[in-house]
Amino acid sequence: MKRKLQHLIPKAIETIKLVGIPKTKGSITSVSGTYHGFIASFGAGIVQAGVLPAVIFFENSERDGADGADKYRITQALYCLMKWEKEKKPVGKQPDQHALSAYIISNNLQDNSRFLDQLTTYAVALKIAMRTFKKP
């Protein structure tokens with residue numbers, strides 16, 4: 001997993017930029033602490049409810065943070081990172097808010113342990129990538 005994470009982190013940085021998680025004020029680009037909390041709680045949501053319920057919960061939560069942060073941007077970033085790895089090229093545009101749940105349902109991945117391992121690896125890569133930005 002260590003080698004995979006090192007490979008994913010640069011892609012995760014670009015992915016979180018694509019979905020609009022970091023904000024730029026002047027010359028400083030930062031990621032709100034709210035997003036750090038969101039990605040931390042994503043893993044707990046998977047453990048408690050399962051992959052699909054956790055993803056749906058995140059996708060249907062808008063403006064959850066006091067600073068205007070959107071939980072669904074986490075699942076968008078996960079979807080983009082997953083597609084980049086699968087297709088070997090970056091996703092060109094921000095995906096639909098419900099892209100990850102649609103992908104899981106259409107490919108019947110709710111109970112797929114390999115998919116769960118991949119998704120959690122992507123979530124860890126995103127968590128580390130967010131730490132490369134300053135906190136406001």
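Select V51, L52, V55, I56 and E59 in α3 together with A99, L100, S101, I104 and I105 in α5: these two sets of residues meet each other. By class, the residues of this contact of α3 with α5 divide into 8 nonpolar, 1 polar and 1 charged. The model on display is a predicted one.

Keep both helices in view and turn to their geometry. The axes of α3 and α5 come within 9 Å and cross at roughly 155 degrees. Because an angle over 145 degrees counts as roughly antiparallel, α3 is roughly antiparallel to α5. The crossing of these two helices, α3 and α5, is left-handed.

Next, display α2, residues 33-49, with α6; the pair packs at an angle of about 165 degrees, and the axes are 10 Å apart. The two helices α2 and α6 are therefore roughly antiparallel to each other. Their crossing, that of α2 and α6, is left-handed. To see the contact itself, select Y35, H36, I39, A40, F42 and I46 on the α2 side, and L116, L119, A123, L126, K127 and M130 on the α6 side. Sorted by class, the contact of α2 with α6 comprises 10 nonpolar, 1 polar and 1 charged residues.

Is S61 buried or exposed? S61 is buried, because its relative accessible area is 8% and the cut-off for buried is under 20%. Show the side chain of S61 and the backbone of F57: a polar side-chain atom of S61 lies 2.7 Å from the backbone oxygen of F57. Leaving aside residues up to four places away in sequence, S61 touches D70, K71 and Y72.

Stay in the loop between α3 and α4 and select D67, which is also found there. At 45% relative accessibility, D67 counts as partly exposed. Which residues does D67 touch, not counting those up to four places away in sequence? They are S32 and T34.

The next stop is K11, in helix α1, residues 2-18. With a relative accessibility of 14%, K11 counts as buried. Its side chain, that of K11, makes a polar contact with the side chain of H7, at 3.1 Å. Beyond residues up to four places away in sequence, K11 touches L81, W84 and E85.

Most residues other than glycine have a negative phi. Select K88 in the loop between α4 and α5 (99-106). K88 is not a glycine, yet has a positive phi of about 60 degrees. K88 is exposed, with a relative accessible area of 67%.

Then select N108, in the loop between α5 and α6 (113-130). What is the phi of N108? The value for N108 is positive, about 50 degrees, although N108 is not a glycine. N108 counts as exposed, at 60% relative accessibility.

How values were computed: Residues are numbered from 1 along each chain as its sequence is written. This is a predicted model: local features need pLDDT of at least 70, side-chain atom pairs count only at pLDDT 80 or more; totals for chains, interfaces and linings use all residues. Side-chain values use heavy atoms; hydrogens and water are left out. Buried means under 20% relative accessible area, exposed over 50%, partly exposed in between (1.4 Å probe, protein chains only). A polar contact is a pair of N or O atoms within 3.5 Å; within protein, one must be able to donate a hydrogen and the other to accept it, and residues adjacent in sequence count only if both atoms are side-chain atoms. Contact means heavy atoms within 4.5 Å. Helices (H or I, at least four residues) and strands (E, at least two) are DSSP runs, numbered from the N terminus. Axes are lines fitted to C-alpha atoms, for helices over the stretch in contact, and angles run from 0 to 180 degrees between N-to-C directions. Angles under 35 degrees count as roughly parallel, over 145 as roughly antiparallel, 65 to 115 as roughly perpendicular and the rest as oblique. A crossing is left-handed if the near helix is turned anticlockwise from the far one by less than a right angle, and right-handed if clockwise. Ala, Val, Leu, Ile, Met, Phe, Trp, Tyr, Cys and Pro count as nonpolar, Asp, Glu, Lys and Arg as charged, and the others, Gly among them, as polar.
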